Amino acid sequence: MDSGQQPKSWTEEVNCPVCLDFFDDPVSLECGHNFCRSCITLCWAQEERNPCPECREEFPDRKLTVNRVLARLAEKARKLKLNLGGNEKKLHCEEHQEELKLFCETDKKLICLICRDSREHKSHNFMPIKEAVEIYKDQLKSSLQSLTEKKSVFLETELKQIRKFAEVRKQSSSLQTHITSEFREMHQILTEKEQRLLRDLRREEEGILDTMEKNLREIQGNLNSIEEELSKMQKQMEQDGVKFLKEVMCHKRRTGEDYCERPLADGKLLLGKFKGPVQYTAWRQMKEALNPAPAALILDRCTANPWLILSKDQTSVRDGELWQLLPASSERFDTWPCVLGSEGFISGRHYWEVDVGIKTWWGLGVARESAKRQGIMDATPEAGYWMMWLVPGRGYIACTCPFDMSLTPSVNPRKIGVFLDYEAGQVSFYNADNMSHLHTFSHIFTEVIFPIFSPGLTDEGKNSAPLKIL
């Protein structure tokens, strides 16, 4: 082999099998095949899996190993190509065996000068191969940059999703602990009640049995004495006449009247105490230990809209027909038909229930102390209100921003339960008839939070019934 042939053979080994050009930043796959980093990245971007373009072996991870030896050989091959100039191997047209010098833009293929003048390529657009290479490399670079940017976006999205997974698992674990703790407390209360009732039953049983046992011993003592006397009398009856009379005269005999009959001890337990509505009694006593137990709230007259009418005990409110002349105050709602509870909360867990009956319009929830109460207001958390509403024509809604959220309870609730956990930043609503969940707001509270009530407008008499705090 002459010296001119030798460079061509080894320079072919430093060509990338994808772009057919000298390696640029060559990397090796686990199967041993080598590619330009940009070429393999572009190939994998178009594949669902990560196959080798040559042997098609698939890899679970995109592991690329830099091949510095191949990079140095490729650089030497480039320099050698420049030095050899026109001696490098040329590609030829299969049809005319002429050197391929042009690129047909119309057909997207390499052609020779004879092809250019043929009828097949008449009126087509052509450009030198070098120029076409530069154009398509620029396009490839643009695509590579776009894919790199998309990869960065997806990597960031992947990281966020992984963090969300961790957050959900952490939250689920915390909630499991909370549920277990809540039921453990109830189990403990019921167990203590059960043990107390069983202890009372045992004490009452022991007292009754002691009395009955004492009475039984006295009865048995009298019975033994009577049997002894009977035995003596029977023996006397067997004696002859003189001896019998003598014996009778010497010993005075006891008759049946001499023995006092013991009354039968009545051993009845108190069924009313131990076999009454045991479950209901335990539940009533459990309510006192519940946390939170349904709160007995009252309404604050100083915050009530002048159209509203409060009951004397301040536990119910309805929309009235007349505007009342009440002192103007920054605490009072002057536009909304609303009223606050008299007690605000700065910590703890609280729960209350409201009878909404068959009303067609109402609003319930909580409001922060500094929330705006005059003029037209926005009933969203951003404005300091966390409320659920029933509105004619719209149904049940939760006031959220930027749009209200429609709620679809399985049955129309007659009673609504409102739960506030200040430290956890939670406001939840329930159908108090079956305790099914309706909606939950989450927020970080930093000031006093008050219960808020709105009976809604009268709705042409359809909504005249009051809201009642249970």
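Mentor: Let's start with a word we'll need: buried means under 20% relative accessible area, exposed means over 50%, and partly exposed is in between, using a 1.4 Å probe and protein chains only. By that rule, tryptophan 386 and phenylalanine 445 are both buried. Keep in mind that this is a predicted model, where local features need pLDDT of at least 70 and side-chain atom pairs count only at pLDDT 80 or more, while totals for chains, interfaces and linings use all residues. Residues are numbered from 1 along each chain as its sequence is written, and side-chain values use heavy atoms, with hydrogens and water left out.

Trainee: Why does valine 366 count as buried?

Mentor: Its relative accessibility is 1%, so valine 366 counts as buried. This valine sits in strand S11; strands are DSSP runs of E with at least two residues, helices are runs of H or I with at least four, and both are numbered from the N terminus.

Trainee: What is valine 366 in contact with, leaving aside its neighbours within four places in sequence?

Mentor: Contact means heavy atoms within 4.5 Å. The partners of valine 366 include Trp352, Tyr385, Trp386, Val427 and Phe450.

Trainee: What makes tryptophan 362 and tyrosine 396 a tilted aromatic pair?

Mentor: Rings of Phe, Tyr and Trp (its six-membered ring) pair if their centres lie within 6.5 Å; planes under 30 degrees apart count as stacked, over 60 as edge-to-face and the rest as tilted. Tryptophan 362 and tyrosine 396 are 6.2 Å apart centre to centre, with 55° between the planes, so they pair and are tilted. Tryptophan 362 lies in strand S11 and tyrosine 396 in strand S13, so the pair ties together parts that are 34 residues apart in sequence.

Trainee: And why is the pair of tryptophan 386 and phenylalanine 445 called edge-to-face?

Mentor: Here the centres are 5.2 Å apart and the planes make 85°, so this pair is edge-to-face. Tryptophan 386 is in strand S12, and phenylalanine 445 is in the loop between strand S17 and strand S18, 59 residues apart.

Trainee: Over to the helices: why is H5 called oblique to H8?

Mentor: The axes of H5 (residues 129-237) and H8 (residues 278-287) come within 11 Å and cross at roughly 125°. Axes are lines fitted to C-alpha atoms, for helices over the stretch in contact, and angles run from 0 to 180 degrees between N-to-C directions. Angles under 35 degrees count as roughly parallel, over 145 as roughly antiparallel, 65 to 115 as roughly perpendicular and the rest as oblique. That makes H5 oblique to H8.
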